[in-house]
Amino acid sequence: MEWNELLIRYGEISLKGRNRNVFVKKLRNNVKDALSDLKTVIIKSERDRMFLFAEDKNEMEEAIARLPHVFGIQSFSPVAKCEATLEAIKEKALEVIGADETAGKTFKVEVRRTDKRFPLVTNELQLEIGSHVLRSFPDLIVQMKKPDIVLHIDIRIEGAFLTAKVYEGAGGMPVGSNGHSILMLSGGIDSPVAGYLMMKRGVSIDAIHFASPPFTSDLAKQKVMDLAEKLSSFGAAVRLHIIPFTEIQQAIVSQVPDNVSMTTTRRLMLQIADKVREEEGALAIVTGESLGQVASQTLESLTAINAVTSSPILRPLIATDKLDIIDIAQTIGTYEISIRPYEDCCTIFSPSNPKTKPKLEKVAYYESFTDFEPMIEEAIVNRLIVELPLQQKDDFADLL
Amino acid sequence: MIYFDNSATTAPDESVLTSFIEVNKRFFANPASIHLAGKEAETLLERSREQILSILGAPNGELLFTSGGTEANNLAVIGFARALHARGNHLITTKIEHPSVLHSMRHLETQGFEVDYLSVDEQGTISVEELKSKLRKDTILVSIMHVNNEIGTIQPIAECARIIKENSRALFHSDTVQSFGKLPVSLSGDGPDAITISAHKINGLKGSGILALRKGMTPEPISYGGGQEKGMRSGTVSVADAVALAKAIRISATDVEQKDFRQWRNRLIKFIEQFENVRVLAPDKAAPHILAVAFYKVKGEVAVNFFQENGITISTSSACSSKNGTMGHVIEAIGVNGKFNNGVIRISFGKNNIEQHVVEFEQVFARFMELLGRGNK
């Protein structure tokens, strides 16, 4: 089946009023980015919907495969075009319906006759085309209310446009339409999911990761890069900041009592993240914290950790159960990456008995004996920045 | 030498050999290791897996690398019989399967499973009606080969798949060792649920094969160890073999039906049929690259030797059964007349053959007939 264009329907954007065109423009750019390597694709956006054309048939197929991952799209449908004559429309209708499984499905025909010169009126057309389709697909059942398949025919001056299949979009808002934030990306299961949910709400992200070489390996670093790359597949590039954290962690271990060292570690990480946030012009910090999941995620711990900054900290998973988080991780494809077994900086130095209810004053008191500031500055200056997705050359292509 | 024994094995493709050597040099690490070298090997292994599955039309399917067609067939038959035992203990196969399927079935019979062996007509084709009548509520596995290795008969596996799906809950495995690369083979749509492919039949390397499965299908293991391949096939995976196989599969999938095998086969049938006391087996329903011929009162071995002396390598009905001297089970199953059944030879084309080879074969064949005193009809 050869499609002439794709009709893209907006999600929540369509609820927007006077500032709608800002969101539409963002979505259009994101679609363009997601399809940047498809040379023949042309995008035309209107107030209520967007159209996508591709001369190359394979590129059209590829666009259909990628659009379900772009936030801000409610759904989209491939459109076939033909001459606006009854015979041509009848013939095209069979092709459009035949492109998919029909057995046992309910269906109806909907005609919009914008070009009023067309000889048959809407009702006659619906009847004529509906019965023609039924003759060729006897297993279809006609149903007016909520049918499985709506064959929509739009008759305009430039021709007739037919659609039937509806692909689900990812919903949400176009990434970047709701500002920029810093995601604390550990390599576990939760933080990528938190990043995904914020991206779905239109937030673009820079990710920050703490590495403690030589205790953590290059593989742990690769794992976080793969996670960030996965996130970048949801419609916007992701910059990953990898902070060298070894020196600070060793300082904590030697200066702060064991049972609060974890709290101090988190406080310093948050301070660093906040400084990077400021440098990058981001507004908020996103974490994958979920209440009560581990010692650092009790309300007492969150209070003690949060005290180092007044920037908004967004915790989209705070009230989500672990099993539900795992479900999302599996759907978005980060789970398989997150469960790779490499040690991260938190697991290596974690104390056996961290306090679940640390007292803010006590933690601050223990920290006051060490000047962490120069170490923090140094770590930020020495951070490694990786732009994802990586444009890497394929070492394996020749072998396979 | 003209090599007409490509159903026994093929010459490895040059680029497949290059890949094998390169991977052994550069990515020799164990793909299960967590260090960087292991990780690289694993990535390469998974890329091979993805490539093969996508060519087979099942990008979400499962793929197990094995030591060849025999192990893959054993794993399919015995592994699925064990895995699905709770559902029933009845299996169906045909009388003309490769020994790796037949003997696995016989083994299962000693373990309390019940097996029906479908008979075939004189062309080697099963009857789908018989298949339908043998399917039961407790049938758990049907294994039917796509193309027979001795006489080339193509079985109607798409129709079999449909009948099995409509009439039972059984899983459908097909041994596609002889058909892959010659006929369209796919795990998508109305194809089988599991297929076997062997590398060395498609210009790959010996000691390498796959069992490819639709999504979510898991046989019980038949060998035990480190739990590689999701626990279904233990043993360190040979990444180099996997890559070489992925390459051989890619090359042969794009080559399907490009050679003039069918035309050569028709030409030879026409040529051979002008002689007396010679018969072509399965003339109408066979794969393009296999031609089996039976001589009256002449041993196959004699013909093989004569052709050998004249520079042409052919084989008796199959390499597996050619050494033990008794009549093959396939020849028995298709009911070849007693005076013919010892004299079956097999000519099988491969991609190194050219039309001139067929011309030369005809000349030698004519001389052989003359020697036996069997002129034109």
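Helices here are DSSP runs of H or I with at least four residues, strands are E runs of at least two, and both are numbered from the N terminus. This is a predicted model, where local features need pLDDT of at least 70 and side-chain atom pairs count only at pLDDT 80 or more, while totals for chains, interfaces and linings use all residues. Residues are numbered from 1 along each chain as its sequence is written, with chains lettered from A and ligands numbered from 1 in the order in which they are written.

**A helix pair in chain A**

- The axes of α3 (residues 86–98) and α4 (residues 122–136) of chain A come within 10 Å and cross at roughly 45 degrees; axes are lines fitted to C-alpha atoms over the stretch in contact, and angles run from 0 to 180 degrees between N-to-C directions.
- That makes α3(A) and α4(A) oblique to each other (under 35 degrees is roughly parallel, over 145 roughly antiparallel, 65 to 115 roughly perpendicular, and the rest oblique).
- On the α3(A) side, the contact is made by A:L86, A:I89, A:K90, A:A93, A:L94 and A:I97, and α4(A) brings A:E128, A:I129, A:H132, A:V133 and A:S136 (contact means C-beta atoms, placed from the backbone, within 7 Å).
- Sorted by class, those contact residues are seven nonpolar, two polar and two charged (Ala, Val, Leu, Ile, Met, Phe, Trp, Tyr, Cys and Pro are nonpolar, Asp, Glu, Lys and Arg charged, and the others, Gly among them, polar).

**Where chain B touches chain A**

- 14 residues of chain B are in contact with seven residues of chain A.
- On the chain B side, α1 (14–26), α2 (36–55) and α7 (239–254) each give two or more residues, and the largest share, six residues, comes from α2(B).
- This side of chain B has six nonpolar, three polar and five charged residues.

**Chain B itself**

- Chain B has eleven helices and 13 strands.

**Two asparagines with positive phi**

- B:N203, not a glycine, has a positive phi of about 60 degrees; its place is in the loop between β7 (194–198) and β8 (209–213) of chain B.
- B:N203 counts as buried because it has 25 C-beta neighbours inside 10 Å.
- B:N277 also has a positive phi of about 60 degrees without being a glycine, and lies in the loop between α8 (261–272) and β9 (278–281) of chain B.
- B:N277 has 17 C-beta neighbours inside 10 Å, so it counts as partly exposed.

Methods
Two residues are in contact if their C-beta atoms, placed from the backbone, lie within 7 Å. A residue is buried if 20 or more other C-beta atoms lie within 10 Å of its own, exposed if 12 or fewer, and partly exposed in between; C-beta atoms are placed from the backbone.
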